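These are my notebook entries on one structure, set down in the order in which I looked things up.

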Amino acid sequence: MSGQAPGRGGVSATATTSIEIHAARLDGSALVRDYLAGAPQLAPFYAGHPFDAQAYRRKADAVERRLSAAERARIAPALRPLSENAATKLNRILDGDGFVVTTGQQAGLFGGPLYTVHKALSAVRLAAALETLLEKPVLAVFWIAADDHDWDEVDHAWLVDRAGALRRIAVVQDSDMPPHAMADRLLGEGVLDALDVLDATLPETEFTPALRDAIRAAYRPDASVARAFEELLAHIFRDFDLALMSSAHAAVRAAGAPVLSRDLENASAHAAAIARQSERLDEAGYAVQVPVALDASNVFLHDEHGRDRIMREGDAWALRRSRRQIGASEMASMLQSAPSHFSPNVFLRPVVESSVLPTLAYVGGPAELAYFAQIGCLFHAHGIEPPLVYPRFRIRLIEARVRRVLEKFGLDVSDFDRPLHELKAALVRDELPSEVTGADAMLRRSIEEGYARMSEAATTIDPTLEGWLTKQRNAALNGVADATRKVAAHLRKRWKIELAQIERAAAGLMPEGSHQERVLNVLPFLARYGPDLPRDMLAALDVGFEASAPAWAGVRCDG
């Protein structure tokens, strides 16, 4: 494969005879676009601009001053390097010489959507670029959000099947199960049915048997959701310069406990700091990603009833769902004696991550870019400078069968950004015989002109006739539209095969009307194109730092 490196906002494409790999910067909300462009109004919300080399040097100096080798060593048992080179780098970093780039995702079924892979690859590429810049080891670390407890978000995966159609595969469990963290929730027997459906969905190629074995080795009934996710990632990214880390690992919980304790002690002040920064973000014209609850801590407690957020109730604490009350001293004692029963929320998790790891940057998607703008002052409250936030790449895979459909109908990928029914209707309209479209235009013109003349004459007799004649004209125009739609409907019947091809192309490009990366799972692509596909995707990514990048000074919390 060969690729052309993109600039800051560019696209690269690599191609074989069977698949194209298109990589581009994120787009989306106004905040994401302005962040990439370096809009000055966003400077007070971030540690630095992601394309500014000096910002990474500044962050590296801060990390070296803050984290000693002994402090780094606390987290060593939780880190799982996936290559020999990754292990070598990790040893140097834990000894105090080097840094990490982190990214993460919740433990979606069978790896979750494609952007899980995009995040990991973006982090690997950024780590390599920073290693060259700083001349010190930099390793990508994928943080598995094993504390998350929303089963509905991770119990399914969307795949394109052998026929090119979109299929949803899910693991069925009892609906009344407690909301346990994914580190504690077992897949259960329901995963066996999901595996059988997956087997029938994956294409049969020379690569499928080994992939199927790896999937079944990871996704066992007695495996937790998070553990299965970890094992599959370890298979997909074997031999990559990447380390995996579970947020629920005992070493992570123990090392992060002081952050959680400090946050509970200062819950009101920390909530107010996040609220103030969120208000500033709103005043700057940007939507706030995560709502702030002033009566809530940023900490969850895990007990027999599942994961529950700790809320302030007078001088004590109460669990939001169960309403169980716990005194402040008892809560502090529980956290000290059993840190494995506590975890951070979405605001506090990045702070914990940076407190236990020598983190230079976090690689995130649109939502993460947005909520990092809210929490810079929370980092400061814990005595930590926030990491830089690097926007992950967006990668689109275009298979040859999809490309053939595009070429057959003269379509571009962007044509699928509109709703599918609109695209199909437009294609059918374009295929209507010219005699039909010509007659449609002629009839409409005749009706408009005829009723205009009649209305002009009739209103001289009685002005009230104008409204009635307008209704008659509209009814006549609707009749013409009905006639044309009737002809188009019969053409659609003849176009059954062609429209099915469009539907299959849409399943591969904009499934469920959303970007490919937000819906589709990577496994069918790995089965069809082999284990080297992630390497080819990595080769399409280009990380560069720019002399013209804005020199943002860091998060500002004053005022």
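Entry 1: I looked up the pairing of β4 (99-106) with strand β14 (residues 359-364) and found that the two run parallel, joined by three bridges. I took strands and helices as DSSP runs, numbered from the N terminus, with at least two residues (E) for a strand and at least four (H or I) for a helix. Two strands count as paired if DSSP finds at least two bridges between them. In this pairing Thr-102 stands opposite Tyr-362 in β14. Helix α2 (residues 53-66) packs on the sheet and touches β4, β14 and β15; its direction makes about 125 degrees with that of β14. Helix α13 (residues 349-356) also packs on the sheet, with β4, β5, β8 and β14 as the strands it touches, and its direction makes about 145 degrees with that of β14. Contact here means heavy atoms within 4.5 Å. The angles run from 0 to 180 degrees between N-to-C directions, along lines fitted to C-alpha atoms, for helices over the stretch in contact.

I then traced the whole sheet, which is open, has six strands in the order β3-β8-β5-β4-β14-β15 and shows mixed pairing. Its edge strands are β3 and β15 (388-391), each of which pairs on one side only. On average, neighbouring strands of this sheet are turned by 30 degrees against each other, direction ignored.

**Entry 2: provenance and confidence.** I record that this is a predicted model, in which local features need pLDDT of at least 70 and side-chain atom pairs count only at pLDDT 80 or more, while totals for chains, interfaces and linings use all residues. Residues are numbered from 1 along each chain as its sequence is written, and side-chain values use heavy atoms, with hydrogens and water left out. The pLDDT, the predictor's confidence in each residue from 0 to 100, averages 91 for the protein chain, and 95% of the residues score at least 70. Over residues 1-11 the pLDDT is below 50, and this stretch has 34 contacts in the model beyond near neighbours in sequence. Where pLDDT is low, the predicted coordinates should not be read in detail.

**Entry 3: strand β8.** How many of the five residues of strand β8 are buried? Five of the five are buried in β8 (residues 242-246), so the strand is largely enclosed by the rest of the structure. Buried means under 20% relative accessible area, exposed over 50% and partly exposed in between, with a 1.4 Å probe and protein chains only. Leu-242, Leu-244 and Ser-246 lie on one side, Ala-243 and Met-245 on the other, and both faces are covered. With strand β3 (residues 79-81), β8 pairs in the antiparallel sense over three bridges, and Pro-81 stands opposite Ala-243. With strand β5 (residues 138-145), β8 pairs in the parallel sense over five bridges, and Ile-144 has Ser-246 as its bridge partner.

**Entry 4: helix α4.** In helix α4 (residues 84-94) I listed Ala-86, Lys-89, Leu-90, Ile-93 and Leu-94 as the buried residues. Seen down the axis of α4, they fall within an arc of 130 degrees, so they line one face of the helix; the arc is that of the directions from the helix axis to the C-beta atoms. They pack against α3 (69-73), β3, β4, α5 (115-134), β5 and β8. Just after α4, Gly-96 takes a positive phi of about 105 degrees.

**Entry 5: the antiparallel sheet.** I found an open sheet of five strands in the order β12-β11-β10-β9-β13, with antiparallel pairing. β12 (325-326) and β13 (342-344) stand at the edges with a single partner strand each, so one side of each is left without a neighbour in the sheet. Helix α10 (residues 250-265) packs on this sheet, touching β9 (296-303), β10, β11 and β13, and its direction makes about 135 degrees with that of β9.

Strand β10 (residues 306-313) and strand β11 (residues 316-319) are joined by four bridges, and Met-311 has Ala-318 as its bridge partner. They form a hairpin with two residues between them, and Gly-314 in the turn has a positive phi of about 70 degrees. β11 and β12 pair over two bridges, with Trp-317 opposite Ile-326. Their hairpin has five residues between the strands, and Arg-323 in the turn has a positive phi of about 65 degrees.
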